[in-house]
Amino acid sequence: MNKLLIILLSSVLLVQANSKTGQAVQYASQSSLGKSTSTAYTTASSCYCYDSDTIGKQALTLTNNFRKKNGKPALVWSQHISNLAKIHSQNMGTGQVPFGHSGFSCRVSCFIRTAKSAGENVFETSNATAANIAQQAVNAWIASPSHRANLLGNFNSCGIAVFRTDAGVWYATQTFALF
């Protein structure tokens with residue numbers, strides 16, 4: 001059986017002056033680093049769990065490895081930016097906003113500090129697992145000139161989050177900032 005692979009990419013840069021269908025069950029745990037949300041998808045025969053922050057940090061490690069190979073400094077994980085990215089990934093996955101960068105300026109205005117510049121990469125695929133979504137997203141961004149430019153951009157902070165729909169479609173949002 002052939003699987004349909006859908007990979008959509010979108011990139012934006014803003015400079016500022018100042019599977020099986022299942023039921024989604026979400027739970028949050030409090031830690032010293034902030035809230036961490038894991039999602040479990042259950043069916044009669046399976047349970048699907050992932051932790052968006054863990055996957056986001058895997059994607060950041062891959063991003064920083066790519067930056068290092070290109071002579072760029074590592075980005076620092078921002079839980080606050082990741083939380084904003086998580087909301088955007090969920091909104092795309094639930095159809096509240098179209099795939100893309102709707103509301104990017106608003107997300108940037110919600111940063112806890114004023115950013116000198118900010119950028120964003122998004123990714124969508126129906127052909128991934130929790131084990132490989134970070135690698136798939138970063139590989140796709142590296143292969144795309146506009147996404148690659150963001151990966152290698154003049155930023156120092158990054159937050160990355162994913163969301164998986166009941167139908168198995170993954171949405172990833174990677175947001176960059178220079179503070």
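Modeller: The answers below take the terms in turn, beginning with the model itself.

Modeller: This is a predicted model, in which local features need pLDDT of at least 70 and side-chain atom pairs count only at pLDDT 80 or more, while totals for chains, interfaces and linings use all residues. Residues are numbered from 1 along each chain as its sequence is written, and side-chain values use heavy atoms, with hydrogens and water left out.

Biologist: What is the mean pLDDT of the protein chain, and over which residues does pLDDT stay under 50?

Modeller: pLDDT is the predictor's confidence in each residue, from 0 to 100. The protein chain has a mean of 80, and 73% of its residues reach 70 or more. Over residues 1-46, however, pLDDT stays under 50. Where pLDDT is low, the predicted coordinates should not be read in detail.

Biologist: How many helices and strands does the protein chain have, and in what order do the elements run?

Modeller: Helices (H or I, at least four residues) and strands (E, at least two) are DSSP runs, numbered from the N terminus. On that basis there are five helices and eight strands. Their order from the N terminus is β-β-β-β-α-β-α-α-β-α-α-β-β.

Biologist: What caps the N-terminal end of H1, and what follows the helix?

Modeller: The cap is Asp51, which places a side-chain oxygen 2.9 Å from the backbone nitrogen of Asp53. After H1 comes Gly71, with a positive phi near 70°.

Biologist: Which residue's side chain does Glu120 join through a polar contact?

Modeller: A polar contact is a pair of N or O atoms within 3.5 Å; within protein, one must be able to donate a hydrogen and the other to accept it, and residues adjacent in sequence count only if both atoms are side-chain atoms. The side chains of Glu120 and His101 are joined by such a contact at 2.5 Å. The side chain of His80 reaches the backbone nitrogen of Ile112 at 3.4 Å.

Biologist: Why is strand S8 said to be largely enclosed?

Modeller: Nine of the nine residues of S8 (residues 170-178) are buried, so the strand is largely enclosed by the rest of the structure. One side carries Trp170, Ala172, Gln174, Phe176 and Leu178, and the other carries Tyr171, Thr173, Thr175 and Ala177. In a regular strand the side chains alternate between the two faces of the sheet. Gln174 has 0% relative accessibility and therefore counts as buried; its side chain makes a polar contact of 3.0 Å with the side chain of Thr63.

Biologist: What makes S6 and S7 partners of S8?

Modeller: Two strands pair if DSSP finds at least two bridges between them. S6 (residues 117-125) and S8 have nine bridges, in the antiparallel sense; Asn121 has Gln174 as its bridge partner. S7 (residues 157-164) and S8 have eight, also antiparallel, with Arg164 opposite Trp170. S7 and S8 form a hairpin with five residues between them, and Gly168 in the turn has a positive phi of about 90°.

Biologist: How many residues has the largest nonpolar core, and which element supplies the largest share?

Modeller: A nonpolar core is a set of buried Ala, Val, Leu, Ile, Met, Phe, Trp, Tyr and Cys residues joined through side-chain atoms within 4.5 Å. The largest has 26 residues, and Ile55, Phe123, Ile133, Trp141, Val162 and Trp170 have the most contacts inside it. H1, helix H4 (133-143), S7 and S8 each supply at least two of its residues, and the largest share, six residues, comes from H4.

Conventions. Buried < 20%, exposed > 50% of the residue type's maximum accessible area, 1.4 Å probe, protein only. Contact = heavy atoms within 4.5 Å.
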